[in-house]
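Q: Please take a close look at a single part of this model. I would like one connected description that I can follow with the structure open.

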Amino acid sequence: VQHNRWSGKNCPAFLRSGKKGVSWNDFLSMVKGKKIVDTDEKIKPATTMKPTITKQSNGRTIVKTIQTTLNKRYGLNIAVDGLYGSQTKAALVKAFQIELNRQFNAGLAVDGIFGPKTRAASVTVRKGARGNITWIIQAMLYCLGYDPKGLDGIFGKNTANAVLAFQKANGLAQDAIVGKNTFAKMFA
């Protein structure tokens, strides 16, 4: 049942509109374990991850770019299929753990699990930041349906707006600052 039924709020907005490529009916089919058909007419298996990529080729292209970058930059070997799922999510967590180890000597196990140690080691990232952690934030936002309007590793206005939208949708303090709580929701 949609949140809209009780609150009147347009929630879940992306599923209600189908703008991110998955409609409410697609979502229900995936929950039931059925396969959905994308615009390329290929059958995709149902997944337990929240489907957030768009059906348009551009959405898939951006997720493929994220996956390719994760493989090259962090020596990972994930499928480059343009689909955001558990493998891509774990790769983004691994990338975050690698960066925390490289930049802050966090001493984290690079296991792709956002647990208490990774949360404790999380840093605060805000507008004006640049680098790989900002790129990871942008990639995660995009995969979750919040377009930061680029994957350039620069925390500018568009990234800040995407963070604010994410924070608002997830009941977090709306400050456009990515700290422990925002990271925890992103990687949950």
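A: Helices here are DSSP runs of H or I with at least four residues, numbered from the N terminus. The model is a predicted one.

Ala-129 lies in the loop between helix H6 (116-121) and H7. Its relative accessibility is 23%, and Ala-129 therefore counts as partly exposed, since buried would require a value under 20%. Leaving aside residues up to four places away in sequence, Ala-129 touches Thr-134, Gly-153, Ile-154 and Phe-155. With Ile-154, which is 25 residues away along the chain, the C-alpha to C-alpha separation is 6.2 Å.

Next comes the helix. H7 covers residues 132-143 and is made up of 12 residues. From first C-alpha to last, H7 reaches 16 Å, close to the 16 Å expected at 1.5 Å a residue. Of its 12 residues, 11 are buried, so H7 is largely enclosed by the rest of the structure. Those buried are Ile-133, Thr-134, Trp-135, Ile-136, Ile-137, Gln-138, Ala-139, Met-140, Leu-141, Tyr-142 and Cys-143.

Then the packing partner. Two packed helices are described by the angle between their axes and the distance between the axes. For H7 and helix H8 (residues 157-169), the axes come within 11 Å and cross at roughly 50°. The two helices are therefore oblique to each other. H7 passes H8 in a left-handed crossing. On the H7 side, the residues that meet H8 are Ile-137, Gln-138 and Leu-141; on the H8 side, they are Thr-159, Ala-162, Val-163 and Phe-166. By type, the residues of this contact divide into 5 nonpolar, 2 polar and no charged. An α-helix has 3.6 residues a turn, so residues three or four places apart point the same way.

H7 is followed by Gly-145, and the phi of Gly-145 is positive, near 100°.

Definitions and conventions:
Residues numbered from 1 in each chain as written. Predicted model: local features only at pLDDT ≥ 70, side-chain atom pairs only at ≥ 80, totals over all residues. Heavy atoms only, no water. Axes fitted to C-alpha atoms, helices over the stretch in contact; angles between N-to-C directions. Parallel < 35°, antiparallel > 145°, perpendicular 65-115°, else oblique. Left-handed = near helix turned anticlockwise from the far one by under 90°. Contact = heavy atoms within 4.5 Å. Nonpolar A, V, L, I, M, F, W, Y, C, P; charged D, E, K, R; others polar. Expected span 1.5 Å × (residues − 1). Buried < 20%, exposed > 50% of the residue type's maximum accessible area, 1.4 Å probe, protein only.
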